[in-house]
Amino acid sequence: MFKILKYLLGLIVIAIVAIVGYASVQPDDFRVERSTTIAAPPEKIAAIVTDFKRGIEWSPWEKLDPAMKKTFSGPSTGVGSVYEWNGNDDVGSGRQEIVKVEPNLVSMKVDFFTPFEARNMADFKLEPEGSGTKVTWSIYGPNPFMSKVMGIFMDIDSMIGNDFDKGLAALKELAEKP
């Protein structure tokens, strides 16, 4: 019996060392992005994404917690506009602030407080394409060690990317309305 426990303990130690070793060689930064083409000019799309109060119309996370508490501060749109949320386990809590608005780029600082703490950036790149606009939504930032370990067991790109796909589809529908 003691030999079996010793053997199992050895396997557990080897597994932990393998996980830690694999996690330690993962990239120090992450980036998730998705794109779509929207039949609307960049300025119409920028007007939607720079107005946090319009997020209820297209954000994939708004539907996950209709009772989410929201706070808006600063200007109603554009640089300095702030959106804070506190919701259920599906959306957690955090803060977004628009830090840059250019003709083809909207950048936001995104801070998550729960269910985990993270400091990231999100961009909406708006590139004229044909008679519409190619919209690329990205989030990027540091990939701390615990995130590297989580990434071994979960596909973060798919998790966030699926939400981005839903959000872009809703943004497309909204922006293409006359």
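Contact is taken here as heavy atoms within 4.5 Å. The structure is a predicted model, in which local features need pLDDT of at least 70, side-chain atom pairs count only at pLDDT 80 or more, and totals for chains, interfaces and linings use all residues. Residues are numbered from 1 along each chain as its sequence is written, and side-chain values use heavy atoms, with hydrogens and water left out.

Not counting residues up to four places away in sequence, Trp-58 touches Ile-48, Val-49, Phe-124, Trp-137, Gly-167, Ala-170, Leu-171 and Leu-174. Trp-58 also belongs to the largest nonpolar core, a set of 30 residues. Such a core consists of buried Ala, Val, Leu, Ile, Met, Phe, Trp, Tyr and Cys residues joined through side-chain atoms within 4.5 Å, buried meaning under 20% relative accessible area (1.4 Å probe, protein chains only). Ile-45, Trp-58, Phe-124, Val-135 and Leu-171 touch the most other members. Helix H4 gives the largest share, five residues.

Helices (H or I, at least four residues) and strands (E, at least two) are DSSP runs, numbered from the N terminus. In helix H2 (residues 42-49), Pro-42, Ile-45, Ala-46, Ile-48 and Val-49 are buried. These residues lie on the same side of H2, because they cover an arc of only 160 degrees around the axis, based on directions from the helix axis to the C-beta atoms. Their packing partners are strands S1 (29-38), S4 (93-102), S5 (105-114), S6 (118-129) and S7 (132-142), together with helix H4 (156-175).

Overall, the chain has four helices and seven strands. Of its 178 residues, 35% count as buried.

Notes
Buried means under 20% relative accessible area, exposed over 50%, partly exposed in between (1.4 Å probe, protein chains only).
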